[in-house]
Amino acid sequence: MASRPRTLYEKIWDAHVVETREDGTALVYIDRHLVHEVTSPQAFEALRLAGRPVRRPELTLAVPDHNLPTTPRLDAGGRPVPIADPESAAQLAALEANAPAFGIRYIPATAREQGIVHVVGPEQGFSLPGTTIVCGDSHTACHGGLGALAFGIGTSEVEHVLATQTLLLQQSKPMEVRVEGDLGPGVSAKDLILHIIGKIGAAGGSGYVIEYRGRVFEAMTVEERLTVCNMSIEAGARAGLIAPDDVTFAYLKGRPMAPQGAEWDAAVAYWRTLHSDEGAVFAKSVVIDAAQVEPSVTWGTSPEDVVPIGGRVPHPEDFADESKRVAARKSLDYMGLTPGTPMTEVPIENVFIGSCTNSRIEDLRAAAAVLKGRRKADNVRWAIVVPGSGLVKAMAEDEGLDKVFIEAGFEWREPGCSACLGMNPDKVPPGERCASTSNRNFVGRQGPGARTHLVSPAMAAAAAVAGRLADVRQLG
Amino acid sequence: MQPLTSVEGRAIPLGLKNVDTDIIIPAKWLKTISREGLGAGAFESLRAEPGNVFDDPAYKGAPILIAGDNYGCGSSREHAAWAMLDLGIRVVIAPSFSDIHSGNAVKNGILPVVLPQDAVDRLLEVAREGQPITVDLESQTVTTPYQDRFTFDIDPFRKHCLLNGLDEVGLTMARGEAIGGFEAQRAAAQPWLMRGTSI
């Protein structure tokens, strides 16, 4: 086996197969499991009913994020503020009770380390290169930015991992997205991944695990790589990953749950073997020219509905296949857009900077750099910044970014998933538009009737200032 | 999970592509700590449209749903499968499915049937006429009263689990010794991998 050149994905896969069934299904070991309040209660309940323990509690980390309001969590007297919505409160209470009952480390809502699971995992050094990482959340693909095989699972699989620390899986096919050349000034990792999804389509990665290759990714910071891999699921891929390198190791060194001392050295030596071999074969290969990538925005209700900011709302008739024409008409109707309209003439009433895609310190710095000395336009009614974790929030405050946002007319919030998914109080009102740094522009995603335009943090800031979608490079 | 061998009945002709799991069950329904009762919120935004297929009496209680490419994309929420099951849907026919959702469906006794677009288009026609469709898992076929006959592929392990209504957790727990051996090997060679939060 060692003689055949293997892709990075195949190397990680091979290292985790406990055994293979006759029918080809593999029993795969899971190194790291992240749990949040929404997709876990039924799994814990099933364990309880069957009298099953958690096999390896130290390999699971629990943190609330989806349901939590992003308003202050402690009152003036330092007491926890009760959650107003009884269903959310019950779900959060279930996690708070289930984690200790099963011996799992739990980060409470009031802890500085709390945040979105996909921000917390890398930040704590819980997520590591070469590991298999799962979570009952499709954006688990995010951790592939560290060179891990990370993917989302359903609640039955959450139960399966808790009980057995494994999953029964069919191997996916390796796919390469190779980006050639360099990104232009003002073009971010988010613009690139939106561009890639626009090119390959929302099902373009279906059945595959994508490896992002090329010097663009080598030149990226870990946080930028996390942004790229995060949205692999929007291209339909099971996971996305980038080979770990010195940038990755420097990011992880000294983090609380990363290996230390001699174990650190042994880990790094192993991690250095984690790259696709010369001559490894990818089942599918897509080449992207970095020079063609511009700041990207979405116009429709699928993340594949991407145009450059200099582009226009497309005509449904321009699409080759009938099902896409039908979908485009439906999308434009929902979005309230007229074909042919320049994207820079689309007015914006809401701006959301946050989510597991874009809520890390570099994202906040990028947005703050645009907003410094500027203010949101009057027609922007609601603009919020939601840091990805309490540690990101503290770092931003140390740098004075909170003041930049507040002076620009933004609200500065507590960490959580917030307006990415419309299940906590942060929602976009029906019929209104939002320039959002999140990952999904689905119908009703940010609230019933909400109209989402996916953008990068700098582009969200530019939209806030202009009061419409805008090219951050032309803001001056 | 309820075993699934053969399903016969009317099919809901949705046909739409990229039906994401936010469409199948919106986030506000995810605050439950139970698997029950989610049919009430299933396809909520589509059902708000007048004349939608879900509320058409012709398809009431239909056990089959026919959709477009990339069915179940997006969020990993298994609530989508629970909501479909609560509506009585046991089979979804589409040209392709998202990886996560098709796995969730199978674990809840729902069969995802992948057929080429032209076969799906034909079945949409049959469904719109209100004619029944038969999906047989053992023979891996979809048939209609007009003698249409399409065969589909399915992973053998998934087929086995569906036909027998098997619980994967129970199956894997029986392999505890093999898992233990793997863990012992890992703990010796790369102890840092086994530390997790206990470092």
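## Basis of the model

A salt bridge is counted here when a side-chain nitrogen of Lys or Arg lies within 4 Å of a carboxyl oxygen of Asp or Glu. By that rule there are zero salt bridges between domain 1 of chain A and domain 3 of chain A.

The model is predicted: local features need pLDDT of at least 70, side-chain atom pairs count only at pLDDT 80 or more, and totals for chains, interfaces and linings use all residues. Residues are numbered from 1 along each chain as its sequence is written, chains are lettered from A in the order in which they are written, and side-chain values use heavy atoms, with hydrogens and water left out.

## Domains

Chain A is assigned domain 1 (8-169), domain 2 (173-242 + 272-292) and domain 3 (296-470); the bounds come from an automatic or database domain assignment. For chain B the assignment gives domain 1 (6-166) and domain 2 (167-199). The C-alpha centres of these two domains of chain B are 36 Å apart.

## Domain 1 against domain 3 in chain A

The C-alpha centres of domain 1 of chain A and domain 3 of chain A are separated by 27 Å. Each side supplies 24 residues to the contact (heavy atoms within 4.5 Å). About 1,900 Å² is buried between the two domains, 60% of it on carbon and sulfur atoms; buried area is the accessible area (1.4 Å probe) that two parts lose on being put together, summed over both. On the domain 1 side, A:T70, A:I116 and A:H139 lose the most area to domain 3 of chain A, together 33% of what that side buries.

The interface of these domains has 14 residue pairs in polar contact, both residues at pLDDT 80 or more. A polar contact is a pair of N or O atoms within 3.5 Å; within protein, one must be able to donate a hydrogen and the other to accept it, and residues adjacent in sequence count only if both atoms are side-chain atoms. Helix 3 (86-101) and helix 4 (117-124) of chain A each supply at least two residues of the domain 1 side, and helix 4 of chain A gives the most, with four residues. Helices (H or I, at least four residues) and strands (E, at least two) are DSSP runs, numbered from the N terminus.

## Chain A against chain B

In this interface, 83 residues of chain A are in contact with 59 residues of chain B. The chains bury about 5,700 Å² between them, 56% of it on carbon and sulfur atoms. The rule finds 10 salt bridges across the interface, and the side chains of A:R56 and B:E183 meet in a salt bridge at 3.2 Å, N to O. There are 34 residue pairs in polar contact between the chains, both residues at pLDDT 80 or more. Helix 5 (residues 155-164) of chain A gives the most to the chain A side, with seven residues.

A:R52 sits in the loop between helix 2 (41-50) and strand 4 (60-62) of chain A. A:R52 counts as buried because its relative accessibility is 17% (buried is under 20% relative accessible area, exposed over 50%, partly exposed in between; 1.4 Å probe, protein chains only). Its side chain makes a polar contact with the side chain of B:D167 (3.3 Å). Not counting residues up to four places away in sequence, A:R52 touches residues including A:F102, A:E159, B:V169 and B:M173.

## Helix 15 of chain A

Nine of the 10 residues of helix 15 (residues 457-466) of chain A are buried, so this helix is largely enclosed by the rest of the structure. Its buried residues pack against elements of chain A including helix 6 (189-200), strand 15 (350-353) and helix 12 (361-371). Helix 15 of chain A is followed by A:G467, whose phi is positive, near 75°.
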